[in-house]
Amino acid sequence: MAEVKQYRHLFFDLDHTLWDFHTNSNLALSQLFVKYGLEERLKVSEEAFRATYLQVNNALWAQYREGSVDKITLRKERFKQALAAYDVEDENLGVTLDREYLEISPYQTALVPYALEVLDYLAPRYDLHILTNGFTEIQDVKLSRGGLKPYFKYIITSESIGVNKPHAPIFSEALRRTGALQGESLMIGDNLEADIIGARNSGIDQVYFNPEGEPHREEVTFEIQSLKELLKLL
Ligand SMILES: [Mg+2]
């Protein structure tokens, strides 16, 4: 394991790193599944529909990160494609589901285990910032409702910068906005490509939060399976 430098600025990813995206997404999808009678309409179980939606959504987000799909297309397509998987071609329903999903999911408040405990420990010791691929308005609701907002000095979204992680300009702009130097900064995130390789290519040390212990061949500065490990590391 690498030696722990004297870090001053910690950049946290939000989704799946602090905010339990998976649980919160499921909570929102369950509400919509019931509200719109999808079991009857699609002849599918809630669990199977959620799995289909997640698959479609993940594929679109991967395209979004590559820059081959824009925000409007992502929003228009994800429920439409999930419905189409059950032979329901209903663009209006797709649009309605997407709008309501976006409205209700950020209000769900499940956090990744130990998130608050770790932030309580780190906040007096470091400057904490959020560096997230996401839409400013939505990420702000998650941070506020989840009780995370007071811990962070700067909240930087890809939307506010116009470039997503892993692309270099988002990291250089994050350093510029926060007044941080590369050598005193640490990026903590769950996405190997966006967070970890992105930060590494920008000369920033990284903590790869890998709760499932997914195998990989990348050289990372630190790797943890639980946020709790940050209490010892930092
Ligand atoms: Mg993430």
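Predicted model: local features only at pLDDT ≥ 70, side-chain atom pairs only at ≥ 80, totals over all residues.
Start with the largest nonpolar core, which has 31 residues. Select Phe11, Phe12, Leu18, Ile130, Met187 and Ile188, the residues with the most contacts inside this core. Then colour the elements that give two or more residues to it: the strands β1 (9–12), β2 (127–132), β4 (185–189) and β5 (205–209), and the helices α6 (115–122), α9 (168–178) and α10 (192–201).

Setting aside neighbours within four places in sequence, Met187 is in contact with Phe11, Leu131, Asp195, Ala199, Ile204 and Gln206.

Now go back to β2 and show β3 (154–157) with it. The two strands run parallel and are joined by four bridges. Across this pairing, Ile130 stands opposite Ile155 in β3. Follow the chain from β2 through α7 to β3: this β-α-β crossover is right-handed.

Select α7 itself, residues 136–145. Which of its residues are buried? They are Gln139, Lys142 and Leu143. These residues lie on the same side of α7 because they cover an arc of only 95° around the axis. What do they pack against? The buried residues of α7 pack against β2 and β3.

End at Gly147, which follows α7 and has a positive phi, near 75°.

Key:
Residues numbered from 1 in each chain as written. Core = buried A, V, L, I, M, F, W, Y, C linked by C-beta atoms within 7 Å. Buried ≥ 20, exposed ≤ 12 C-beta atoms within 10 Å, placed from the backbone. Contact = placed C-beta atoms within 7 Å. Arc of directions from axis to C-beta. Pairing = 2+ DSSP bridges. Right-handed = clockwise from strand over helix to strand, strands pointing away.
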